[in-house]
Amino acid sequence: MWAFHTPPVSSLLPQLHFPHKHSFKTSASLNQSSITNSPETKSKSISNNNHLIQSQCRKGNLSKALQVLPNESNPTQLTYELLILTCITQKSYKDGLTVNNHLIHNGFGQDCYLATKLINMYSEFNAMDNARYVFDKLLARTIFVWNAFIRALALSGYGEEALEIYTQMNDSGIPSDRFTYPYILKACVSSSNSISLLRKGKEIHGHILRHGFESYIHVATTLVDMYAKYGCVSNAINVFDFMVERNVVSWSAMIACYAKNGRPFEALKLFQEMMAGYPDDVPNSVTMVSVIQACASLTALEQGKLMHGFVLRRGLDSILPVINSLVTMYAKCGSLEIGCRVFDRMDKRDVVSWNSMISGYGIHGVGEEAIRVFNDMIDSGVSPNKISFVSVLGACCHVGLVDEGKQLFHSMRQYKIVPSAEHYACMVDLLGRAGRLEEAAKVVEGMRIEPGPTVWGSLLGACRIHCNTELAETACHRLFELEPMNAGNYVLLAGIYAEAMMWEEVNKVRKLLEARGLEKLPGCSWIEVKKKMYSFTSVDQFNPQIEQLHAFLAQLSMEMKETGYVPDTKVVLYDLEEFEKEQILLGHSEKLALAFGLLNCSKGETIRISKNLRLCEDCHSVTKFVSKFANREILVRDVNRFHHFRDGVCSCGDYW
């Protein structure tokens, strides 16, 4: 289905018509027919008017060029091309229609070269019905016309329609060229029907290999980008590794693939490889956004500062997406103060800038400040978008600002924003964390859209906090239907049963996991020490210091018990002896990272840790003890928020 917002050319300009094939005149035939007139006078007139129109276009004087156009009876192809390009640069859709009308009446309606320019113009104006009108009226199409229309469809988000046109092109006997593939691959990621379009993308990959187009950088780079967007990192790696030649765009695509698919460690490593071995491929703003995002994911503050310095030296600090990523990076690395300074010094801000700051305050548990920045954004004339509300509602969740969150949720109507599943998930999380589970369940029941995994997942998470087995079973019943292969849901339910001492039910869930071939996602933590990143997993047996770390933690646990520490063994989902449960707890990845930091960080240096899962209650308790008795400031960022430990107290107030 086509859903366009602008009426077609035919309805706006009813006088538009395309000449029949036998009456089609190129600029050459027009010049030939002019022989019957006075050659000298006509040539002079053509030269003067065409040159005047072209000159005005080059100066950006579109209105003056259009004033001269009616006086020129024989415009050239170049004249029309410059007029179309000027309409684009001047963002004048109305004048574009005028030029389109004029060129048709002057016999250029079947000029394929100008047709590609018109299609590109209408694509810029998001007038895809008009682009289709131009395309449909052509009696003979070159590969350039097909490519232009496929490109327009792909960039406008009509991926499936672009694939249909691609099929028509193949059926008509027009072979694809090296410019076809990048845009048809983009079409594969511009629609929500991901599974079928990924399959189509792999099929096109096969075409590329069979016809020898994989050697072109821009084709291979688009393949990397396509696989990255679907999370097919191994496929992207295969394409990237076999590239004969690479440029900054291809490096950036692979770095972004790692950064956006949960592999920030590899993103930084690849960036270092690029800088060390390929000095000619100077990182650009796109590269730096991905690298800074990777630093943010790893809580790698020192690495992030190095990237900030590089941005300043390269003069990339005037590019808004780069500065926005820096604000986010500093907030996610625990240095909210520096993030605020970067934000305050920005000459201009867009909604992404404001969202970055709101989210930053939110993950640090400063909900009141997040709301203040949200209101400042509105006062500055920037309208909030869907992400703005997700960010500010999330900030309310972290500190239990229930009334404020409900008020913000209802205010979405004021900005004509229809609540999505993500917004409802925030409300369920907000109410659920505050212990208002019945109210949270009513929100789910009253939703105007079908509750998705995010909504039911939020309800399940609230049930885990308050150990509500009955409601948890209801949520899991829906989650097992919606995402049967998500092991995390099974693990959460098992944890709720374990806390309720329902070991028979725990075993049932564990058997269900095994029957479906699912495994719990292992906990993984990262720590930055002396500008180097180190990773730890709960099943890590390859770290050369692992025995030393375990011995250190065992000794630390004994000393903490003497000062009141009691291991929180309820997080262990096995019916074992207490001693065995305690041994399992000591192997948690965040404890290993903490021990590594205590042994290797300089005295007085802040320890910064990030984790891929929620911080467990026992690790939270241990870190509070360590911060007090080791006199250390410790920052831990889990999948939800920041925990800032100092002198035995956490910034979350034990509310997370």
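**A walk through a predicted helical chain**

The protein chain holds 34 helices and 6 strands. Helices (H or I, at least four residues) and strands (E, at least two) are DSSP runs, numbered from the N terminus. This is a predicted model, in which local features need pLDDT of at least 70, side-chain atom pairs count only at pLDDT 80 or more, and totals for chains, interfaces and linings use all residues. Residues are numbered from 1 along each chain as its sequence is written, and side-chain values use heavy atoms, with hydrogens and water left out.

Start with the whole chain. Its C-alpha trace spans about 110 × 55 × 55 Å along the principal axes. Of the 656 residues, 52% are buried. Buried means under 20% relative accessible area, exposed over 50%, and partly exposed in between (1.4 Å probe, protein chains only). Take the contacts between residues at least 6 apart in sequence: 65% of them join residues at least 24 apart. A contact here means heavy atoms within 4.5 Å.

Next come the annotations. UniProt positions follow the numbering used here, feature names are shortened, and annotations may be inferred rather than shown by experiment. Residues 247-277 are 87% helix and 0% strand, with end C-alpha atoms 12 Å apart. Residues 350-384 are 74% helix and 0% strand, and their end C-alpha atoms lie 10 Å apart. The unreviewed entry in UniProt also places "domain: DYW" at residues 564-656. That span is 37% helix and 17% strand, and its end C-alpha atoms are 22 Å apart.

In H14 (residues 233-241), the buried residues are Val 233, Ala 236, Ile 237, Val 239 and Phe 240. Seen down the axis of H14, they fall within an arc of 165°, so they line one face of the helix. The arc is that of the directions from the helix axis to the C-beta atoms. An α-helix has 3.6 residues a turn, so residues three or four places apart point the same way.

Helix H23 (residues 386-399) contains Leu 393. This leucine, Leu 393, is buried, with a relative accessible area of 1%. Beyond its neighbours within four places in sequence, Leu 393 is in contact with Gly 405, Leu 408, Phe 409, His 423, Cys 426 and Met 427. Ile 319 is 74 residues from Leu 393 along the chain, and their C-alpha atoms are separated by 28 Å.

Move on to Val 571, in the loop between H31 and helix H32 (578-586). Is Val 571 buried or partly exposed? At 24% relative accessibility, Val 571 counts as partly exposed. Setting aside neighbours within four places in sequence, Val 571 is in contact with Leu 585, His 588, Cys 616 and Glu 617. Val 571 and Glu 617 are 46 residues apart in sequence, yet 7.5 Å apart in space, C-alpha to C-alpha.

Finally, the cavities. The whole structure has 2 cavities of 30 Å³ or more. On a 1 Å grid over the protein atoms alone, a cavity is a set of points where a 1.4 Å probe fits but cannot get out, and lining residues have an atom within 4 Å of a point. Grid points are joined across faces, edges and corners, and a volume is the space filled by probe spheres set on the points. The second largest cavity has a volume of about 40 Å³. Which helix gives the most to its lining? Helix H31 (residues 546-561) does, with 4 residues. The lining of this second largest cavity includes Leu 553, Tyr 565, Lys 591 and Val 622.

Key:
On a 1 Å grid over the protein atoms alone, a cavity is a set of points where a 1.4 Å probe fits but cannot get out, and a pocket is an open set with protein on both sides within 12 Å along at least five of seven lines; lining residues have an atom within 4 Å of a point.
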